[in-house]
Amino acid sequence: MPEEQIQLFINDREVHASKGAMLIEVADQHDIRIPRFCYHKKLSVAANCRMCMVEVEKAPKALPACATPVAEGMRVYTHSPAALDAQKSTMEFLLINHPLDCPVCDQGGECELQDTAMGYGEDVSRYTERKRVVADKELGPLVSTDMTRCIHCTRCVRFGSEVAGIRELGATGRGEFMEIGTYVQRSLTSELSGNVIDVCPVGALNAKPSRMRARSWEMLQCAGLSPHDAMGSNIYMHVLRNTVVRVVPRENDELNETWIADRDRFSYEGLHTPDRATQPLVRTARGWESSSWQASLDVLARKIKQFSPEEVGVMAAAHSSLEEQYLLQKLFRCLGIQNIDHRVRQADFTDQEYMPLFPNLGQSIESLEHNNAVFLIGCDIRLEQPMLAHRIRKASARGCQVVALNSRDFDFLFAAQVNWNQAPQAWLQALSEIVKCIPDNELRDLPHELKEIVEQASPSMYARHIFELLSQAGTCSVFLGAMLDSHPQASALRALAAVLARHTHANFGLLPQAGNTAGAWLCGLLPHRLAGGVPNPDAGLDTTAMLAGPCKAFVLFNLEPEFDFANAPSALEAMQEADFVVVFTPYVSESMRSYADVVLPIATFAEMRGTYVNAEGRWQTADKAINPPGQARPAWRILRVLADHLGLEGFTHESSQQVLEEIKVQTGETTGFEGRLHESKMVQTQADPEGIYRVSATPMYAVDNVVRRANSLQQTPYERSPRVAMCEQLARELGVLEEDEVRIVQDGRAKVLKLELDPALPMNCVWVQKSSRQVDELGNAIAPVEIQRLDHD
Amino acid sequence: MTPADLPGTLSNYVRGEMDDWLSRYPVDQKQSAVLGALRALQHEDGYLKTEKMDAVATYLDMPPIAVYEVASFYSMFELEPVGKHTLAVCTNLSCMLCGADKIVEHLEHKLGIGLGESTPDGKFFLKKEEECLAACCGAPMMQVNHDYEENLTIEKVDRILEGLD
């Protein structure tokens, strides 16, 4: 419905605006500058700073533009003597308690207060009395505070309650003694907490990791993309002498709006670490030796040809750029190697033929806000995809109901949320119960193993609730998350969820996890598909099959097996037992030195031009912000030179742009949302329903090699020491107590962990908390385990 | 935490007060009962303990910080432990004209503490800068715990103190 338009005059200029809009919005739309502190276009109106005073004809006094709705024929003056007088007076009051410490303030040079004071303040302060001093608050490793500078605009408070969904900051005390803080000392726990640094108009809240590192005018601002989740958040990297000093959001209303997650903001710390690979390394009889590019690529070319193509496995990271991923698969396919995969955290590949062109949201990111119901399966969306969760949070504020089928309570900070907690081996049953609610005649297409399970299911209260919710919601979505991806019966679960989505007309979203998971599918970084989703007639092995035995040589691209793989211990073992391992990596770790034969240093996302495809199928390209360290080079260049060494044709690209153009020819810029999972004929239904299963999720700050090295993120409350959680009843049955140490045995491997009780966990399942810096020595994230009591003497 | 976890933290008295206040407001505006809840807490403990404020926050479905904001806004709420009996002498205009300053001076001298302090034996707390309590016709006055004592003289103050155990 078009909004009613009215006409008004700002500074005698005729402007048109929607009825009900606030004056400041309208002025902003027409580039008429009104000073402000508390007003922020994405937050509610507080009207407490009084800086945006303007003169309105017939009003006896100046009015705050942020809280004055426009009216037909209104005449507004933003720079009249009366308006300026009001603004000047406000400015003088605001500066009474604000310290004049701009020279030592991090915000200096990019400070809204400083700028506004320059424009609207007096040259000399008339105030000679004492200024108040406020004790700084300790808000954790990401946000530093200088609370004396706070002007009480409450943007940070409103950000918490309105955007982050968790109000951690507040204004305590009153009048002269009012302070912004947490009252009891605690770290901020919001995964979006860094945004309070941006909304703060003064230097009260600053970025702790980059505090006192650089002045705003010394840095270069480089547009970039965050590769850590499937949002494709737009960022600016601020660079000082080839170092990324900080990262801030680059506004894009269709994606991240004006925000970014803490992971996007502080991951840059992982770019500049002592373990960066700076020159090619080759293992020789004398041990590790630094080598030239020429020599190391020669070794690689010579050695790799000694293996038959079936003996080589190529595995790459999903956060690598499209250009890298494409050239990697192209090069190794030219050698006849078909064992190529990026799905390192997946456990069940049975239904890969039926997957869509690439896993996706099934809708645009913006339209997430219009959902009336969302069903999340095996998904901790807030930690997996913080910015997508933010969009759903906006929907939930409008009344969207969110239901989650998981194994434990995840607090998504949504307004309405129902958690249906089931042990992972019972998820199949749970989904069958929901699907059973679909009228019988609609279920003909189900593969017969599933049909049997569905027929025997009798829908529980939860199942009926979810089915009815989705059936009646109108616009709704079913999303499958990272935990579902690592589920041993993922194919069956996907098939059931797809059937459910189809019959309830829900958008069906397979959430891609990393910044370019979608790209990896598109460009053929898969054993069974070539670029553009073309079926590979000569399909190779998936990750699990590669690790299971036949491969004698591995090419690891941007991966660390002990952290990135679903089954870390077996991945590490496979590498150690392999005859030849090449790693393309930005970092050299001790464990790499133990299994690799050639280490080739590559550039990170900040150090090269690269394209990334996000969850809605949007292609975005960003230039490099800094140069890679030492001899590290963008991997697409290395691959191109390697092709020469191997004598391959078709690698004449001179720029990453040419690589991108070649990819576009092969794939088209498609948004292939349609998959055929609902008619998936091959599913994995085998599971032991009786035993105890473990469930884990990859910690938020462990998703890729860069984030794992971001020091400040690793100090947040999200980083926890490994432990095992179970419900009280299970603990009683096993005869173990809280804080006891228990032994978990999985697949022949054992580990002793401290026990924690969690009443929300169902029976027959335990939560194994992973840590970003410790290898999960047990194996797959969802798998049967045995729990043993440790007998003390 | 669910309301079921509360009994350990909050007494039946406090929960009863909260339920009483809750019954007077729409169900979706539970935070309306926060002042009543905090008053009950203070009545019971003499000051507001953070754990109990957290329990109130859970019960009323508020972020804990929102409860702290209310608690710290009103000067009538104490956030630190204070003496058993609160003596709040009004020092606003009418009382001042009628000699409130002398009363304060006497109390400070007799109890050996300044405004805003508690006696070492934990018996008395002398509240700082109490503003008008709307009993100007009985000035000078002070509030002793929940009671108003008006038309104060030095002798009357002494008698009142003796009457407190």
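Where does His653(A) lie? In this predicted model, in which local features need pLDDT of at least 70, side-chain atom pairs count only at pLDDT 80 or more, and totals for chains, interfaces and linings use all residues, side-chain values use heavy atoms, with hydrogens and water left out. Residues are numbered from 1 along each chain as its sequence is written, and chains are lettered from A and ligands numbered from 1 in the order in which they are written.

His653(A) is located in the loop between H21 and H22 of chain A; helices (H or I, at least four residues) and strands (E, at least two) are DSSP runs, numbered from the N terminus. The relative accessible area of His653(A) is 4%, so the residue is buried (buried means under 20% relative accessible area, exposed over 50%, partly exposed in between, with a 1.4 Å probe and protein chains only). Its side chain makes a polar contact of 2.5 Å with the side chain of Glu662(A). A polar contact is a pair of N or O atoms within 3.5 Å; within protein, one must be able to donate a hydrogen and the other to accept it, and residues adjacent in sequence count only if both atoms are side-chain atoms. When neighbours within four places in sequence are left aside, the residues in contact with His653(A) (heavy atoms within 4.5 Å) are Leu327(A), Lys330(A), Trp636(A), Arg640(A), Gln658(A), Val659(A) and Glu662(A).

Helix H22 of chain A comprises the 12 residues 656-667. At 1.5 Å a residue it should span 16 Å, and its end C-alpha atoms are 16 Å apart, in agreement; the expected span is 1.5 Å times one less than the number of residues. The buried residues of H22(A) are Ser656(A), Val659(A), Leu660(A), Ile663(A) and Thr667(A). Viewed down the axis of H22(A), these residues fall within an arc of 100 degrees, so they line one face of the helix; the arc is that of the directions from the helix axis to the C-beta atoms. The elements of chain A that cover them include helices H8 (322-334), H16 (517-522) and H21 (635-646), together with strands E25 (610-613) and E26 (619-622). Gly668(A), which follows H22(A), has a positive phi near 70 degrees.

Two further helices of chain A were examined. For H15(A), residues 490-504, the 15 residues should span 21 Å, and the end C-alpha atoms are 21 Å apart. Of these 15 residues, 13 are buried, so H15(A) is largely enclosed by the rest of the structure. Buried residues in H7(A) include Trp293(A), Leu297(A), Leu300(A) and Ile304(A).

Strands of a sheet pair through backbone hydrogen bonds, either parallel or antiparallel. Here two strands pair if DSSP finds at least two bridges between them. In chain A, three strands form an open antiparallel sheet in the order E10-E11-E12. E10(A) (220-225) and E12(A) (243-249) stand at the edges with a single partner strand each, so one side of each is left without a neighbour in the sheet. Neighbouring strands of this sheet are turned by 35 degrees against each other on average, direction ignored; axes are lines fitted to C-alpha atoms, for helices over the stretch in contact, and angles run from 0 to 180 degrees between N-to-C directions. Six bridges join E11(A) (residues 234-240) to E12(A), and Val239(A) stands opposite Val244(A) in E12(A).

Strand E20 of chain A (residues 476-480) has five of its five residues buried, so it is largely enclosed by the rest of the structure. Cys476(A), Val478(A) and Leu480(A) lie on one side, and Ser477(A) and Phe479(A) on the other. E20(A) pairs in the parallel sense with E17(A) (residues 373-377) over five bridges, where Val374(A) is opposite Ser477(A). The pairing of E20(A) with E21(A) (residues 507-510) is also parallel, over four bridges, and places Phe479(A) opposite Gly509(A).

A closed barrel of six strands in chain A runs E27-E31-E28-E30-E29-E32, with mixed pairing. E27(A) (residues 692-695) and E32(A) (residues 783-789) pair in the antiparallel sense over three bridges, and the bridge partner of Arg694(A) in E32(A) is Ala783(A).

In chain B, Cys137(B) lies in the loop between strands E2 (124-126) and E3 (142-144). Its relative accessibility is 78%, so Cys137(B) counts as exposed.
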